[in-house]
Amino acid sequence: MEVTTMASEKITAIVESVKTMTVLELKELVDTICEEFGVSAVAAAAPAAAGAAAAPAEEEKTEFDVILKDVGANKMQVIKTVKELTGASLMEAKKLVETPDAKLKEQASKADAEEMQKKLEEVGAKVELK
C-alpha cells in the first residue's frame, strides 16, 4: 500500500508543480521530456488532435440572406408580397423584383427567412436562402 500512496504523492506533487508553471516553462518541460525519453509530443498529440478536429460538427446557420431567384408567372403578386414583407414602397418593390438575384433581406433569422420564402413561393416566386 505504501508504494501506491508514495506514487500518488509524487504525481500529486508534480501536478501541483505544473499548475504553477508559465507557458514557457511548460514548453521547456515538454521539450526536456521528449529529449530525455526519445519521444515526440507532436506524434503523441496528433491522433488526439485529429479526433478533436473531426468532433465538432458544422455550426447550424442562424442568419440567412433571402434572395429572389425567379419571379415566376405572377409578377404583380410577387411585387405586392415583396412590398408587404420588406416595407418597401411599390416602386422599390418593383425594382427589387426586376433585379436579378435581388437580396430582399440580409441576415434574417431562420424563422423570418423561412416565412418570407414560404410567402413568396405561394405566389409563384423562387427564393434562395444563403
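**Close-up views of a predicted model: salt bridges and sheet**

**View 1. A network of salt bridges links Asp 65, Lys 103 and Glu 106.** A salt bridge is a side-chain nitrogen of Lys or Arg within 4 Å of a carboxyl oxygen of Asp or Glu. The structure holds 10 salt bridges. This is a predicted model, in which local features need pLDDT of at least 70 and side-chain atom pairs count only at pLDDT 80 or more, while totals for chains, interfaces and linings use all residues. Residues are numbered from 1 along each chain as its sequence is written, and side-chain values use heavy atoms, with hydrogens and water left out.

**View 2. The protein comprises 6 helices and 3 strands.** Helices (H or I, at least four residues) and strands (E, at least two) are DSSP runs, numbered from the N terminus. From that terminus on, the elements follow the order α-α-α-β-α-α-β-α-β. Of the 130 residues, 18% count as buried, where buried means under 20% relative accessible area, exposed over 50%, and partly exposed in between (1.4 Å probe, protein chains only). The accessible surface comes to about 9800 Å², and carbon and sulfur atoms hold 58% of this area; the areas come from the Shrake-Rupley method with a 1.4 Å probe, and for residues only the protein chains shown count as cover. Among contacts (heavy atoms within 4.5 Å) with a separation of 6 or more, 66% join residues 24 or more positions apart.

**View 3. Three strands form an open sheet in the order β2-β1-β3, with antiparallel pairing.** The edge strands, β2 (102–109) and β3 (126–129), each pair on one side only. From one strand to the next, the twist averages 25 degrees; axes are lines fitted to C-alpha atoms, for helices over the stretch in contact, and angles run from 0 to 180 degrees between N-to-C directions. Strand β1 (residues 63–70) pairs with β2 in the antiparallel sense over 5 bridges, pairing being assigned if DSSP finds at least two bridges between two strands. Glu 63 stands opposite Ser 109 in β2.

**View 4. Lys 69 and Asp 101 form a salt bridge, with the closest N and O atoms 3.0 Å apart.** The pair links distant parts of the chain, 32 residues apart: Lys 69 lies in strand β1, and Asp 101 in the loop between α5 (90–98) and β2. Lys 69 is partly exposed, with a relative accessible area of 38%, and Asp 101 is also partly exposed, at 43% relative accessibility.

**View 5. A salt bridge joins Lys 75 to Glu 98, with the closest N and O atoms 2.9 Å apart.** Here the linked parts are helix α4 (residues 75–86), which contains Lys 75, and helix α5, which contains Glu 98, the two residues being 23 residues apart. Lys 75 has a relative accessible area of 36% and is therefore partly exposed; Glu 98, with 41%, is partly exposed.

**View 6. The side chain of Lys 61 reaches the backbone oxygen of Lys 130 at 2.9 Å.** Lys 61 is located in the loop between α3 (41–54) and β1 and counts as partly exposed at 43% relative accessibility. Lys 130 is partly exposed, with a relative accessible area of 47%, and Glu 128 counts as partly exposed at 25% relative accessibility.

Notes
A polar contact is a pair of N or O atoms within 3.5 Å; within protein, one must be able to donate a hydrogen and the other to accept it, and residues adjacent in sequence count only if both atoms are side-chain atoms.
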